[in-house]
Amino acid sequence: MYSKADIFSWLEAVKDPEIPTVSLVDLGVIRAVEVEDSGRVVVRMTPTFAGCPAMDYMRRDVEQTLRAHGVPEVQVEISLAEAWSSDMVTEKGRAGLRQHGLTPPPMLEGQVLDLDFLEYAECPRCHGHNTELRTPFGATLCRAVHYCHDCRQIFEQFKPL
Amino acid sequence: MNTDALKDLLYRLADDQLILGHRNSEWNGLGPILEEDIAFSSMAQDKLGHSLQLYSLLHQLGEAEPDMVAFTRNAPQFHCAQLVELPIGEYDFSLIRHFLYDHAELLRFEALAQSSYEPLAQVARKLKGELKYHTLHANTWVKQLGSATEEAIERLQNSLNFTLPYALGLFEKTAQEEAIIADGIFVGEDAIKTRWEENITKVLNQTALEMPDLASLTPVYGGRTGQHTEYLQPLLDEMAEVFRLDPTAEW
């Protein structure tokens with residue numbers, strides 16, 4: 001039999017479908033795990049953005065990974081009980097975002113989101129601070145596009161929510 | 001809890017999001033600059049995701065599956081305001097529609113985060129964070145273009161004058177209005193409309209645009225009770241074309 005800790009460690013292997021350096025656990029998408037006496041495992045997940053098309057892939061990857069570890073029955077529940085916030089990305093997750101060339105989101109800590117807050121992002125390439133928000137809408141729902149005036153490159157930030 | 005009143009509200013919210021999401025997606029590949037092309041496409045994707053959450057709530061209340069609800073109804077069965085079904089037109093119209101709609105939507109979901117119907121309150125708490133990006137985006141462009149060249153100001157002013165009567169249609173009350181307020185499901189249209197007028201006026205005051213006197217305008221009503229413009233049915237036909245080829249297909 002396996003413990004809750006085992007399940008979490010196995011789920012470390014399930015990465016964001018578009019950011020292979022960040023696990024769903026460190027992204028804050030996996031909120032809770034329950035191991036029932038029968039061996040059945042319930043995983044509760046919360047979507048980053050309501051329209052995120054990767055949710056189905058994430059659900060499937062979680063199911064397949066746990067089955068490969070011998071879990072006979074996996075139930076994935078998508079829950080909005082605790083709405084996802086970018087503050088839920090762990091330190092390890094933030095390091096993984098940097099590794100993938102994405103600036104991590106600033107910690108909001110319940111502050112009101114305003115444009116001033118969004119405008120600043122450190123360039124992930126040259127670490128320059130002379131940057132400008134081009135648009136909060138990037139290649140995916142969770143990314144904003146910035147421009148670095150130091151190295152003159154466009155870069156992306158995992159956007160605060 | 002009055003389930004009919006709740007469903008009526010959910011259909012209004014969901015249909016607005018679905019239809020405007022599809023309209024905004026028409027900017028894909030046509031935006032005036034690349035970033036705007038992507039912004040409108042991204043917001044369209046958000047709106048479709050929001051409509052899915054709301055149709056899922058309806059499904060939990062016994063309505064059909066979200067895809068069936070979205071793709072098999074005809075225009076008279078839709079509860080969206082006429083504002084969202086109008087063609088995208090020129091960029092100035094789409095921008096003003098986005099500005100007027102998203103300010104209303106953000107206030108609506110901020111209020112719904114306190115709804116007595118907890119599943120709806122949860123969805124609202126999720127969506128309001130995303131909607132802040134939409135209103136920030138609209139405000140940025142309205143402020144920039146609304147104080148730019150003479151042509152930009154004139155175009156936006158004309159679009160504002162044209163669009164406002166339709167935008168007032170977002171606040172059309174249905175027969176269920178008293179019931180949803182009495183049950184604590186929603187604060188009601190009047191409360192939202194007052195704050196909406198304050199918020200959009202605050203932004204417009206930072207531009208060269210003039211806010212028309214809303215009291216002198218005749219709101220375009222009918223959408224909430226299934227009366228729509230000639231533009232809705234062709235849009236629905238196009239949206240549902242693939243789904244209707246084989247509604248039972250596995251994707």
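Trainee: Is Phe93(B) buried or exposed?
Mentor: This is a predicted model. Phe93(B) has 8% relative accessibility. Buried means under 20%. So Phe93(B) counts as buried.

Trainee: How does Phe162(B) count at 46% relative accessibility?
Mentor: Exposed needs over 50%, and buried needs under 20%. Phe162(B) has 46%, so Phe162(B) counts as partly exposed.

Trainee: How many aromatic pairs does the structure hold over all chains?
Mentor: Rings pair if their centres lie within 6.5 Å. Over all chains, the number of aromatic pairs is 9.

Trainee: What kind of aromatic pair do Trp27(B) and Tyr91(B) form?
Mentor: Their centres are 5.8 Å apart, with 85° between the planes. Planes over 60 degrees apart count as edge-to-face. So the pair of Trp27(B) and Tyr91(B), at 85°, is edge-to-face.

Trainee: Why does this pair tie together parts that are apart in sequence?
Mentor: Trp27(B) lies in the loop between α1 (3–25) and α2 (34–60) of chain B. Tyr91(B) lies in helix α5 (residues 91–112) of chain B, so the parts tied together are apart in sequence by 64 residues.

Trainee: Are Trp27(B) and Tyr91(B) buried or exposed?
Mentor: Take Trp27(B): this residue is buried. Tyr91(B) is likewise buried.

Trainee: What kind of aromatic pair do Phe93(B) and Phe162(B) form?
Mentor: Their ring centres are 6.0 Å apart. The angle between the planes is 70°. The cut-off is over 60 degrees. The pair is edge-to-face.

Trainee: Over the ring of which residue does the charged end of Arg134(A) sit?
Mentor: The charged end is 4.6 Å from the ring centre. The ring belongs to Tyr147(A).

Terms used
Residues are numbered from 1 along each chain as its sequence is written. Chains are lettered from A and ligands numbered from 1 in the order in which they are written. This is a predicted model: local features need pLDDT of at least 70, side-chain atom pairs count only at pLDDT 80 or more; totals for chains, interfaces and linings use all residues. Side-chain values use heavy atoms; hydrogens and water are left out. Rings of Phe, Tyr and Trp (its six-membered ring) pair if their centres lie within 6.5 Å; planes under 30 degrees apart count as stacked, over 60 as edge-to-face and the rest as tilted. Helices (H or I, at least four residues) and strands (E, at least two) are DSSP runs, numbered from the N terminus. Buried means under 20% relative accessible area, exposed over 50%, partly exposed in between (1.4 Å probe, protein chains only). A charge sits over a ring if NZ of Lys or CZ of Arg is within 6 Å of the ring centre and within 35 degrees of the ring normal.
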